[in-house]
Amino acid sequence: MKLLIVLLCGLVCIVSADYPIEDYKAVAKSRDFTGKVILVTGSSSGIGEGIVKLFSILGANVVVTGRKAQDVQRVAKEVQELSPLKLKPLEVVGDLTKTSDLNNLIDSTIKTFGRLDVLVNNAGIYPQTNITQTDILSVWDQIFALNLRAVVELVHRSVPHLEKINGTIIDISSIGAIAPFKVNLAYASAKAGMDMLSRILALELGPKNIRVNTINPGSIHVRDPLTPLELLVAKYTPLGRNGQPLDIARAVAFLASTDSDFITGANLVVDGGVVYVAGFWNTM
Ligand SMILES: NC(=O)c1ccc[n+]([C@@H]2O[C@H](COP(=O)([O-])OP(=O)(O)OC[C@H]3O[C@@H](n4cnc5c(N)ncnc54)[C@H](OP(=O)(O)O)[C@@H]3O)[C@@H](O)[C@H]2O)c1
């Protein structure tokens, strides 16, 4: 009997997995992005600006882009000052709904830095819409052109570069993709499309070692002063405040890091818990 127990114990010990402790120790340095190249669309203001600033602090080479040259230059200057090695970001002015500008964004990133590690699809517009407004179809087309079609085109152009180095894609969606708000007909439909796009891309690109994940922000305060709606949202939010760009940037850093090596096709909701009470919006 004793012999049997010893033998069984031996078997258990033999089958228990043994992983290198070095992988555990590497977690302490997982936010060091030195040598990595991060392209964040819509990084000339708001959430995108917060993302490029954080990645510059974390050592990465970043691309600052948007349509307004003045905003791109301002953010690029601040980003360079934050970089530990004072790395100069690439500045690209362009409209992502134009294929030539979009191609130029990818081409100049590769020409300047020689690689692309992280593509963050952040640029987006959010005009309110409803089905009875007279210009619904033209506004719908504008929203979809940037918030969804340009994302597909950017991913299409980026995959050949991302697959060379196990790159990753992070899509900035919205809690509007999850909770229906009646004033968000076109925007929320586009963001819901983005969520599904990310999941399907995760399936297709997983075998190429490209991870694809989505972040769904709640109300993120990007422009002063706080609006009455933002104040109300903060009141209803379980964590008692609006988000700030850094809240989203930290989530992007997690999803871009080796800490999320086994995460793809996920939705990371970053909203202080408001999605669970978001129905109050529709009573206003
Ligand atoms: N703020 C929130 O509460 C919130 C909540 C949920 C989700 N989000 C999402 O987060 C993302 C960023 O939002 P945000 O609040 O930071 O917006 P934002 O401050 O208005 O920034 C939008 C960025 O996109 C750029 N952009 C707009 N149209 C463009 C175009 N056609 N081509 C290229 N770039 C363009 C803007 O620069 P130019 O205007 O100079 O081009 C700017 O850099 C969006 O996808 C939004 O849907 C925001």
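This is a predicted model: local features need pLDDT of at least 70, side-chain atom pairs count only at pLDDT 80 or more; totals for chains, interfaces and linings use all residues.
## Helix 3 against helix 4

On the side of helix 3, the contact is formed by Glu49, Val52, Lys53, Ser56 and Ile57. Helix 4 contributes Arg74, Val75, Glu78, Val79 and Leu82. By class, this contact of helix 3 with helix 4 comprises 5 nonpolar, 1 polar and 4 charged residues.

## Helix 3 against helix 9

Helix 3 (residues 46-57) also packs with helix 9 (residues 245-256): their axes come within 8 Å and cross at roughly 55°. Helix 3 and helix 9 are therefore oblique to each other. The crossing in which helix 3 passes helix 9 is right-handed.

From helix 3, the residues in this contact are Gly46, Ile47, Gly50, Ile51, Leu54 and Phe55. Those from helix 9 are Pro245, Leu246, Ile248, Ala249, Arg250, Val252, Ala253 and Ala256. The contact of helix 3 with helix 9 divides into 11 nonpolar, 2 polar and 1 charged residues.

## Helix 5 against helix 6

Helix 5 (residues 99-113) and helix 6 (residues 136-162) have axes 10 Å apart and pack at an angle of about 30°. That angle makes helix 5 roughly parallel to helix 6. The crossing of these two helices is right-handed.

Helix 5 supplies Thr99, Leu102, Asn103, Leu105, Ile106, Asp107 and Ile110 to the contact. These residues meet Ala150, Glu153, Leu154, Arg157, Ser158 and His161 of helix 6. In the contact of helix 5 with helix 6, 6 residues are nonpolar, 4 are polar and 3 are charged.

## Ligand surroundings

The ligand is surrounded by 28 residues, of which Ser44, Arg67, Asn122, Tyr126 and Tyr187 are the closest.

An N or O atom in the side chain of Ser44 is 2.7 Å from an oxygen atom of the ligand, and for the side chain of Ser45 the corresponding distance to a ligand oxygen atom is 3.0 Å. At Leu96, a polar backbone atom is 2.9 Å from a nitrogen atom of the ligand.

Conventions: Residues are numbered from 1 along each chain as its sequence is written. Side-chain values use heavy atoms; hydrogens and water are left out. Axes are lines fitted to C-alpha atoms, for helices over the stretch in contact, and angles run from 0 to 180 degrees between N-to-C directions. Helices (H or I, at least four residues) and strands (E, at least two) are DSSP runs, numbered from the N terminus. Angles under 35 degrees count as roughly parallel, over 145 as roughly antiparallel, 65 to 115 as roughly perpendicular and the rest as oblique. A crossing is left-handed if the near helix is turned anticlockwise from the far one by less than a right angle, and right-handed if clockwise. Contact means heavy atoms within 4.5 Å. Ala, Val, Leu, Ile, Met, Phe, Trp, Tyr, Cys and Pro count as nonpolar, Asp, Glu, Lys and Arg as charged, and the others, Gly among them, as polar. A residue is near a molecule or strand if one of its heavy atoms lies within 4 Å of it. A polar contact is a pair of N or O atoms within 3.5 Å; within protein, one must be able to donate a hydrogen and the other to accept it, and residues adjacent in sequence count only if both atoms are side-chain atoms.
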